[in-house]
Amino acid sequence: MNQGPDAAAEEPGEDTVRELAGLARDWAAAIVANDPARIADFMADDWVIVSASGIDPKERFLSLVESGELNHSAMDLRTRPRVRVYGDTAVVTGRVTNTAHYRGERYDADEWTTDVFVKRDGHWRCVLSHITSAAPDITSAAPE
């Protein structure tokens with residue numbers, strides 16, 4: 001299979017779409033449970049999150065959750081995720097609303113998220129998450 005930069009996305013089977021969409025839902029539930037070990041189960045060791053504040057590694061994110069400096073009380077998937085598979089790599093994009101508390105201050109967010117998963121040892125693990133604020137009053141769904 002061509003894995004070069006011009007490799008085309010495979011049409012994922014419904015089972016793969018269901019599996020990755022389920023992972024997104026389960027990961028959101030783990031985040032709302034504020035359980036660092038459960039959250040870490042979805043992440044590869046080299047996972048990072050990219051946001052307006054820059055790039056944060058897995059260790060920093062999980063330490064904030066573990067210390068209680070960061071917690072979530074809501075995380076809702078607002079769109080059916082767009083799933084594309086490139087061999088053992090999958091890109092999952094969707095819209096999420098969430099309520100977080102960071103260092104005692106409440107934040108309500110409406111964001112587009114993209115998660116890049118890699119299949120290792122038969123399990124999908126996220127290697128990168130990217131979030132960007134959704135434009136106000138825009139209700140478009142993730143493109144198919």
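These legends walk through several close-up views of a predicted model.

**View 1. The whole chain, end to end.** Let's start with the overall layout. The protein chain holds three helices and seven strands. Follow it along the sequence and the pattern reads α-α-β-β-α-β-β-β-β-β. There are 144 residues here, and 38% of them count as buried. If you take the contacts between residues at least 6 apart in sequence, 52% join residues at least 24 apart.

**View 2. Helix α1, residues 14-32.** This helix has 19 residues. From its first C-alpha to its last it reaches 27 Å, close to the 27 Å expected at 1.5 Å a residue. Quite a list of its residues is buried, including Val 17, Leu 20, Leu 23, Trp 27 and Ile 31. After the helix comes Asn 34, with a positive phi near 55°.

**View 3. Inside the largest nonpolar core.** In soluble globular proteins, nonpolar side chains tend to be buried together. Here the largest nonpolar core takes in 28 residues. The ones with the most contacts inside it are Leu 20, Trp 27, Ile 39, Met 43, Trp 47, Phe 61 and Phe 117. Helix α1 gives the most, with seven residues.

View 4. Leaving aside residues up to four places away in sequence, Phe 61 touches Ile 39, Met 43, Trp 47 and Leu 70. Lys 58 sits in helix α3. Is Lys 58 buried or exposed? Its relative accessibility is 10%, so Lys 58 counts as buried, the cut-off for that being under 20%. With the sequence neighbours up to four places away again left out, Lys 58 touches Ala 40, Met 43, Ala 44, Asp 45 and Trp 47.

**View 5. The largest pocket.** Rolling a probe the size of a water molecule over the atoms shows where empty space is left. The largest pocket holds about 1,000 Å³ of space. It is lined by 39 residues, and the closest to its centre are Ile 49, His 72, Asn 98, Glu 111 and Ile 131. Several elements give two or more residues to this lining: α1, β1, α3, β3, β5, β6 (105-120) and β7. Which of them supplies the largest share of the lining? That would be β5, with eight residues. Sort the lining residues by type and you get 21 nonpolar, 11 polar and seven charged.

**View 6. Two loops with a positive phi.** First up is Arg 103, found in the loop between β5 and β6. Phi of Arg 103 is near 50°, a positive value in a residue other than glycine. With a relative accessible area of 54%, Arg 103 is exposed, since the cut-off for exposed is over 50%. Now move along to the loop between β6 and β7, where Asp 121 lies. Asp 121 also has a positive phi, near 50°, and is likewise a residue other than glycine. At 77% relative accessibility, Asp 121 counts as exposed.

Notes
Residues are numbered from 1 along each chain as its sequence is written. This is a predicted model: local features need pLDDT of at least 70, side-chain atom pairs count only at pLDDT 80 or more; totals for chains, interfaces and linings use all residues. Side-chain values use heavy atoms; hydrogens and water are left out. A nonpolar core is a set of buried Ala, Val, Leu, Ile, Met, Phe, Trp, Tyr and Cys residues joined through side-chain atoms within 4.5 Å. Buried means under 20% relative accessible area, exposed over 50%, partly exposed in between (1.4 Å probe, protein chains only). Helices (H or I, at least four residues) and strands (E, at least two) are DSSP runs, numbered from the N terminus. Contact means heavy atoms within 4.5 Å. On a 1 Å grid over the protein atoms alone, a cavity is a set of points where a 1.4 Å probe fits but cannot get out, and a pocket is an open set with protein on both sides within 12 Å along at least five of seven lines; lining residues have an atom within 4 Å of a point. Grid points are joined across faces, edges and corners, and a volume is the space filled by probe spheres set on the points. Ala, Val, Leu, Ile, Met, Phe, Trp, Tyr, Cys and Pro count as nonpolar, Asp, Glu, Lys and Arg as charged, and the others, Gly among them, as polar. The expected span of a helix is 1.5 Å times one less than its number of residues.
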